[in-house]
Amino acid sequence: MARQRAAAAGASSLVKHALFIASLLASALFSVAASAQGFSNSEILGVPAGIELESIRVRFTHFDQTGRGYQSQADRPNLHRPGSEDITIEQPQLEIVAKQGKATHRLSVPVDIITAASPDALDAVSTASRVNEAGNFQLDTRYQQDRRTAWLFHANFHLEEPFRSWTLGVGGAHAFAEDNTVFAWSLNQVVDWLDRFNIFGTRLGRGYRSTTNLNVSLTQLLSPTTVGYVGYSFTFQTGELGNTWNSIAVDMGNDKIELDGEKLPSVRHRHALVARLSQSLPWDGILKLSYRFYVDSWSLIGNTIEAQLYQRVGRHLYVRANYRFHHQTGVGFFTAIADVAAPLRTADSDLAPFVAHTVGGLIAVNLKAPRLRDLHLDFGYERYFRSNDLSVNIYTCAMGFLF
Amino acid sequence: MNLLKLLKVSILLLVTVASGCLVVPQNRRAKLADPLMAFDEDAQEAHKKSKFYSTREGAAGGDGAPAGGGCGCQ
């Protein structure tokens, strides 16, 4: 019996060896046959996906801001009056979009060159450096798994004189109901490192900030001329949530007022709900409407309404007019002059209650050019102004090469 | 009462939209294919806008932007 089992095992082993040798021989024969017919590896396996350039865009924007805020020490006549928030920013941007098989990569490099009344803490007490530079390297990749499903990857690095920021994000989009509905989501994690200064410009070491952000949205075709969108965004922030050198006048008692730093909570929960509508108009125009409701754990409530009207003029030219209205209540601990015993305090004009308006326009042209699908040019102007003494003129122009 | 009605209509609309009951056939989507119909047609302009508002308005941002909330340091 044992001999029979041993014989059977030997036969099974022999069969396995025979099959292995046969498969090797078959593989070798196939390779010989393939080379005899002149097939290359790429002909057998397929051509590896190369990178195909889709577009290159450059944009230049100039921001010219004037105004006053209680957090600024620049050109402040006295502690009862706000300081200067005058600033100019030059913002060149480069964007390259390339396709690689099912993936589309978008590399963006925006740079900010800031000339301000007080761009950083050192300028709170001296004017040694009134120019600051900031740069971003951002890579977005969209992988189209199939006709209905796409995956999104996002990476960003931000570099600034006293500040570094890293972002990683992942997301997805899925179309269903015959592509009438698209559900999208994304999850982002941001880590910021910043140098901490006091209001006199003394460095106090390094601070950090963490931001975790979740977005979900639904885009729906509502009619042959209408698209709707609803989105919700939740953001959780913790760590150092200010720039650390914003100042505030503090009432010390006995009519004595001194300048000190702001005190902010170290945690912030932020919720934003957005509804948008894009409507094609019968006269070759498009109307886009948007409403955003915002609320956070600092008791700040915001309402934003935006309208954009596009009008095509001929085949190659279009113009855009836009208006944006924003109202916010301000954080619960905003004040121009704080009590010395207040646990939280800020005089930052950006956290104050105010109403803001943006009006603007843009003219764009898409021209045919040799070796290009389109040559895009646009010029735009916007004016931002708000009720607590801040206004910005924004001039922008762009050139895009679409291959 | 009006608020309750508005809430009910909103929920009904959301459920209708989410269930994909509204179907526009492929052959009637010519107008929708216009690139200008997209909500974010220009990534550079979207970045410019996002950064501008998130560093000037406490209620802006909250969408993954690094700082926001009045911190003009980025």
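Ser299(A) lies in the loop between strand S14 (285–296) and strand S15 (301–313) of chain A, where strands, like helices, are DSSP runs numbered from the N terminus (E, at least two residues, for strands; H or I, at least four, for helices). The phi angle of Ser299(A) is near 65 degrees, a positive value in a residue other than glycine. Ser299(A) counts as exposed because it has 12 C-beta neighbours inside 10 Å; a residue is termed buried if 20 or more other C-beta atoms lie within 10 Å of its own, exposed if 12 or fewer, and partly exposed in between, with C-beta atoms placed from the backbone. The model is predicted, so that local features need pLDDT of at least 70 and side-chain atom pairs count only at pLDDT 80 or more, whereas totals for chains, interfaces and linings use all residues. Residues are numbered from 1 along each chain as its sequence is written, and chains are lettered from A and ligands numbered from 1 in the order in which they are written.

A positive phi, of about 80 degrees, is also found at Thr244(A), which is not a glycine. Thr244(A) is located in the loop between strand S10 (226–239) and S11 of chain A. With 22 C-beta neighbours inside 10 Å, Thr244(A) counts as buried.

Chain A has two helices and 20 strands. Of its 403 residues, 30% count as buried. Among contacts in chain A between residues at least 6 apart in sequence, 54% join residues at least 24 apart; two residues are in contact if their C-beta atoms, placed from the backbone, lie within 7 Å. Glu52(A), in strand S1 (residues 51–69) of chain A, counts as exposed, with 12 C-beta neighbours inside 10 Å. Glu52(A) touches Ala98(A) and Lys99(A), residues up to four places away in sequence not being counted. The C-alpha atoms of Glu52(A) and Gly101(A) are separated by 8.7 Å, the two residues being 49 residues apart along the chain.

Strands S9 and S10 of chain A run antiparallel and are joined by 14 bridges; two strands pair if DSSP finds at least two bridges between them. A hairpin connects S9(A) to S10(A) through two residues. The bridge partner of Val216(A) in S10(A) is Tyr232(A). S10(A) is in turn joined by 13 bridges to strand S13 (residues 267–281) of chain A, and these strands run antiparallel. Val230(A) stands opposite Ala275(A) in S13(A).

Three strands of chain A form an open sheet of mixed pairing, in the order S12-S11-S17. Strand S12 (256–261) and strand S17 (337–339) of chain A stand at the edges, each with a single partner strand, so one side of each is left without a neighbour in the sheet. The twist averages 45 degrees from one strand to the next, with axes being lines fitted to C-alpha atoms (for helices over the stretch in contact) and angles running from 0 to 180 degrees between N-to-C directions. Six bridges join strand S11 (residues 247–253) of chain A to S12(A), and the two run antiparallel. Asp251(A) has Ile257(A) as its bridge partner in S12(A).

Chain B has two helices and zero strands, and 41% of its 74 residues count as buried. The contact between the chains takes 64 residues from chain A and 34 residues from chain B. On the side of chain A that touches chain B, the largest share, eight residues, comes from strand S9 (residues 203–223) of chain A.
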